Amino acid sequence: MKKKGVALRLWRRLSQVFCFILFLFLFIKTDYSGANDLPYAVNILFRIDPFLAASASLATKTLVTLMWPSLIFIGLTFFLGRFFCGWICPMGALLDSTHGLIPHVHEGYKTRHESLKYYLLGFLLIAAFFGLPAAGYFDPFSILVRGLAIAIYPALNVLATSFFTFTYQQMPAWINMVTEPLYGFLKATILPFRQNHYELAFISLFLLLTIFILERLERRFFCRNICPVGAFYAIVARFSLMRGKGGTKCGKCRNCMSVCRMGAIDEERTISPLDCNLCMDCVDMCPGNKISFSLQQKDVARPAFRLSRRTFVSSLAAGAALPFFLDTRTMAKRPDPFLVRPPGALPESEFLSRCVRCGECMKVCIGNGLQPTFLSAGLEGIFSPRLQARSGYCEFNCTLCGQVCPTGALTELTLKQKHITKIGNVFFDKNRCLPYAKGIPCIVCEEHCPTPDKAILFREAQVLNSKGDTVLVKQPYLIDERCIGCGICEAKCPLPGKSAVRLTSGGEKRNPQNALPTQTLLY
Amino acid sequence: MDRRDFLKQVMLWSAGITTAIPSFQIVPELLAMEKPSTVVHTKGKDYYALVARVLEPLGTISKFVKTGDQVVIKPNMAWDRNPAQAANTHPQVVKALVELSLDAGANKIMVFDRTCNEERRCYVNSGIQDALKTVKNKRLKIYHPDTRKFVPVDIKQGKAVRRLEIYKDALEADTYINVPVAKHHSLSRLTLGLKNSMGVLGGNRGQMHHNLGQKLADLATVVRPKLTVIDATRILLRNGPQGGDTDDVKVLDTIVASADPVACDAYATTLFDLQPEEIDSTVAAYKLGLGEMDLARMQIIQAA
């Protein structure tokens with residue numbers, strides 16, 4: 001197995017570049033592609049994540065079968081150790097490639113809070129089990145995809161659009177001969193189809209940036225100290241067969257220690273499989289060629305986790321206790337009426353347990369209607385998706401969000417099911433609605449209502465307009481049983497500001513307590 | 001304005017009593033009306049072949065498209081519905097017009113619509129994008145409107161709107177061909193040619209709905225198709241303008257065409273057993289002198 005390191009390191013870099021490009025490709029392809037079915041498994045990054053799989057499974061007390069690919073990576077880690085962190089992880093690749101650009105305080109090899117990630121992992125898994133889902137706030141892929149989808153990608157489009165609008169409006173024709181085709185090319189390839197707008201764009205960006213800012217303290221600070229996926233892999237890697245063997249009778253150069261991005265090599269030059277991500281730098285840097293990676297020798301001890309029992313137990317206790325505070329809040333009694341979940345969403349508590357806040361559904365939503373929730377679903381609901389109809393509606397013939405959800409928090413609906421899945425109900429505000437309030441004809445809502453038998457109908461009525469004339473106008477009203485809550489009426493209402501028709505979660509199928517009043521009781 | 005008004009004004013002017021010069025801004029239309037508007041309709045199962053047939057009595061496509069022209073062909077593909085649901089122009093009708101225009105020597109043909117549902121879904125589901133893909137010609141461009149290219153236009157003759165944002169390509173084209181689908185619309189009763197022009201508008205189009213008929217007529221003073229081809233191969237009778245239920249669709253196998261946008265709408269109205277006077281936009285456009293609405297004063301030809 002001993003090989004000259006240059007080649008190995010090169011392979012590792014190649015793998016990182018390849019995986020990162022694949023990641024970006026899948027990210028861009030998380031979009032409508034000319035057919036309702038997505039041709040690629042765009043959510044694969046989340047489905048190979050064993051931490052999220054464990055968290056979602058514990059939270060729902062069932063095996064989340066969608067996430068079976070994570071077993072492959074657990075198995076591979078038994079052989080290879082934390083190779084994922086060094087060779088595959090797109091976040092790791094980003095950190096490695098930007099490391100040189102971020103000024104760091106010192107290049108120490110010691111990891112400051114290496115135990116923190118285990119406490120965090122313990123806390124998150126226990127909390128998930130007892131009903132407080134918080135995995136998505138620490139999972140590196142959730143942070144990465146969310147940051148990209150909600151902040152960076154839309155910002156990139158703003159940048160491109162403003163630049164090419166400037167050239168289009170201000171520059172002479174010969175420059176436009178170059179810039180316009182370039183803009184067209186970018187639009188056809190990497191730019192999003194349209195400018196999306198998101199809530200919490202800045203928070204998502206800052207969360208992502210924080211991981212890069214932490215690089216100042218230590219190389220791969222997040223991976224060494226915080227990353228719960230890394231912690232999960234570390235636990236598996238403790239038993240891994242592939243081990244790095246450091247020099248025992250070498251000099252005092254300590255090259256390997258200072259070059260190790262994970263702080264995995266100690267004073268005795270033993271390489272801890274808990275931290276080593278097999279980047280192969282040490283193999284390459286060792287002047288005496290004394291470091292090698294090979295299948296486990298008999299005398300290699302399994303390293304200890306060096307956890308404080310007290311802290312570990314405390315974090316588990318906190319994880320077990322905190323969930324019981326969730327039901328003390330008013331929202332446990334009466335949820336926010338404007339919190340409308342995407343079609344196919346499971347009942348709220350199960351939905352939140354499964355949802356890993358990855359942002360895939362918001363990225364793929366072609367109406368730009370799915371927005372990250374801020375506080376209306378509680379602290380633990382931040383970044384979970386909601387349909388905010390004024391920013392965009394749910395397209396009648398589209399089922400993309402259910403297709404990209406990696407955990408099944410949104411069940412994948414067939415088009416037929418989607419057409420009858422009621423996610424909410426709209427209500428007219430007659431004080432604002434023009435035909436009611438001003439005697440002005442409108443009914444744009446009725447025009448756009450997509451159900452074949454329209455849920456929004458109108459009656460002709462004689463009203464006084466603001467001039468005091470009696471006019472005949474068409475006034476819209478709703479047939480609750482037909483409305484599926486897509487919110488196109490709210491999105492298209494031509495009033496400035498607040499719409500005169502508002503989508504609420506009333507009547508949503510997944511929550512019987514939200515049933516609408518009827519004259520005949522169904523159950 | 002009708003002939004009587006026209007003659008009266010001419011007489012008054014020639015008598016030197018009035019210097020109402022503004023009235024003369026619409027003289028060209030009035031003069032055009034001297035010759036009765038021709039509306040052609042035809043029936044058949046082969047929608048592609050129908051287009052050439054309906055244009056024959058109007059002088060074929062070469063009357064409208066000259067060699068080297070920049071042509072805009074504006075179908076209605078506003079909704080995420082398939083051809084059978086009759087919410088969008090039939091793809092074969094659009095394709096036929098495109099190929100006829102290509103044969104007539106058009107330099108560039110642009111096909112687009114500002115959709116109501118998601119743009120890409122509408123282009124795909126309407127079947128128009130795929131139908132035009134089979135026309136392998138570089139002079140044909142089907143594209144999504146670019147938000148930078150809506151230009152504010154003063155509507156000088158407008159009674160209900162003063163200014164609208166209109167797509168640049170529609171304004172600059174040598175030939176603008178309007179290819180609406182005839183269907184039910186709850187507010188305007190029907191959507192025909194004049195309503196289809198809303199697809200070149202930018203901004204908040206919902207505001208057009210407040211006094212829709214007059215605003216559409218105002219729009220028609222600046223967006224002026226040389227040719228209107230109304231697709232009534234299948235018409236949506238209820239739940240328009242987007243439908244969704246094929247039970248609401250009636251197959252008529254008919255296409256109507258005219259160089260007069262108002263006359264074309266007026267005739268197509270009768271296919272729904274309605275009268276032109278019942279459609280506000282037709283009446284308003286007629287009053288602005290944009291075309292004929294009186295069926296009795298049109299030359300209505302049934303093409304072979």
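In this predicted model, the contact between the two chains draws 27 residues from chain A and 22 residues from chain B. On the side of chain B that touches chain A, helix α5 (residues 119-125) gives the most, with three residues. Sorted by class, that side of chain B holds 11 polar, six charged and five nonpolar residues.

**Fold of chain B**
- Chain B contains 12 strands and 11 helices, and 53% of its 304 residues count as buried.

**Nonpolar core**
- The largest nonpolar core comprises 219 residues, and B:L97 and B:V229 are the residues with the most contacts inside it.
- Helix α7 (residues 116-130) of chain A supplies the largest share of this core, amounting to 11 residues.
- Once its neighbours within four places in sequence are set aside, B:V229 is in contact with B:V51, B:V54, B:V93, B:L97, B:I177, B:V179, B:I255 and B:A257, a list that includes B:L97, which is named together with B:V229 for the most contacts inside the core.

**Domains of chain A**
- Chain A is divided into domain 1, which is made up of residues 43-241 + 299-324, domain 2, which covers 327-420, and domain 3, which covers 425-504.
- The centres of domain 1 of chain A and domain 3 of chain A, taken over C-alpha atoms, are separated by 44 Å.

Conventions: Residues numbered from 1 in each chain as written. Chains lettered and ligands numbered in written order. Predicted model: local features only at pLDDT ≥ 70, side-chain atom pairs only at ≥ 80, totals over all residues. Contact = placed C-beta atoms within 7 Å. Helix = DSSP H or I, 4+ residues; strand = E, 2+ residues; numbered from the N terminus. Nonpolar A, V, L, I, M, F, W, Y, C, P; charged D, E, K, R; others polar. Buried ≥ 20, exposed ≤ 12 C-beta atoms within 10 Å, placed from the backbone. Core = buried A, V, L, I, M, F, W, Y, C linked by C-beta atoms within 7 Å. Domains from an automatic or database assignment.
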